[in-house]
Amino acid sequence: MLVAADKFKGSLTAVEVAERVTAGLRRVVPDVLVEALPVADGGDGTVAAAVAAGFERREVRVAGPLGDEVTAAYALREGTAVVEMAEASGLYRLPEGVLAPLTASTYGSGELLRAALDAGARTIVFGVGGSATTDGGAGMLAALGARFLDADGKPVAAGGGGLAALASADLSGLDPRLADVELVLASDVDNPLTGPKGAPAVYGPQKGASPDDVTALDAALAHFAKVLEGTQGVGARAAEYAASPGAGAAGGIGFGAMLLGARFRPGIEVMLDVLGFAPALERAALVITGEGSLDEQTLHGKAPAGVAAAARAAGKEVVAVCGRLALPAETLGRAGIRRAYPLTDVEPDVAKCIADAGPILERVAESIARDFVA
């Protein structure tokens, strides 16, 4: 039995989900063999999933999205680092009630990447998602040695809004170690940098951007890419990257990562490789996956869909646990999930499900044990 579920956002971490499911299964079948492999799709919780899989947790002081210092973590094992941009530049790093769509910076994410280089990483999985930022990765690039100057030769202000004043860019000072590292951009979104499906239009509002802010940010990021087209060492690749799937991930940090030579891959695919999912899958008779809400978004690169696709390819049966189920049985079946077990089947009150997710999930796991193990 393999438990490979993501977090229940706002209720349980992926590690806690695995613990609760295991407890429920063993309440019905005490000697059942359970292997836990918490998963993530590159967004928040990615470092925690890597640590649960045996990576070493490393902590470093970096700049938060507003410039204040925060303690952020990355994970390291045998030359591979897992870096989660939300650890430095995530929405949860903002003070309560504060949103800064025009000024939040990814500088701390660049510092996290530099820390991984300092630790000797030869491969860096850069998980992006949950960001407070829409700066196209300019802050990250600045932390790694790039310079972005206004018409007076002074550094532009932090954040996506500051890029409107960009007059020149210089990437010649980028950390030379980046040339010798495999950088993988792990994300569950494939948006371009700008336009109707770009980072400001699609994700700006959830970061506090007003309609006017969205317009300003879209123009600033388009200007950023245009200036880079005229920058030595980048040229036409800037336009190519800006239009590429994943460039708009996490406020455009995907674009910045591509300028560093990153290769874009769906986050869950990358993480399953890194976490050692394939050998664990071979040992499993049944796979239990899940996340807080199984809905249409799940089908577009989220962890349960990735787990189910890999398990189906290996001929393994999959069931899912979730807080809320918003997909019909036939859609689940097409995704490779035989059956879903939402917490609301046990406790119809959604507020109680959120507050008491752990004990309720154990009861759900008891049902799985009765249906598929006992």
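A polar contact is a pair of N or O atoms within 3.5 Å; within protein, one must be able to donate a hydrogen and the other to accept it. Keep in mind that this is a predicted model.

**The loop residue**

T106 sits in the loop between helix 3 (85-89) and helix 4 (107-118). Is T106 buried or exposed? Its relative accessibility is 0%, so T106 counts as buried, the cut-off being under 20%.

| Atom or group of T106 | Partner | Distance |
|---|---|---|
| side chain of T106 | side chain of D135 | 2.9 Å |

Now turn to strand 5 (residues 80-84). Five of its five residues are buried, so strand 5 is largely enclosed by the rest of the structure. In a regular strand the side chains alternate between the two faces of the sheet. Here both faces are covered: T80, V82 and E84 are buried on one side, and A81 and V83 on the other.

Which strands pair with strand 5? Strand 4 (residues 69-77) runs antiparallel to strand 5 and is joined to it by four bridges, with L76 partnering A81. Two residues lie between the strands of this hairpin, where E78 takes a positive phi near 45 degrees. Strand 6 (residues 123-127) pairs with strand 5 in the parallel sense over five bridges, and T80 has T123 as its bridge partner there.

Notes:
Residues are numbered from 1 along each chain as its sequence is written. This is a predicted model: local features need pLDDT of at least 70, side-chain atom pairs count only at pLDDT 80 or more; totals for chains, interfaces and linings use all residues. Side-chain values use heavy atoms; hydrogens and water are left out. Buried means under 20% relative accessible area, exposed over 50%, partly exposed in between (1.4 Å probe, protein chains only). Two strands pair if DSSP finds at least two bridges between them.
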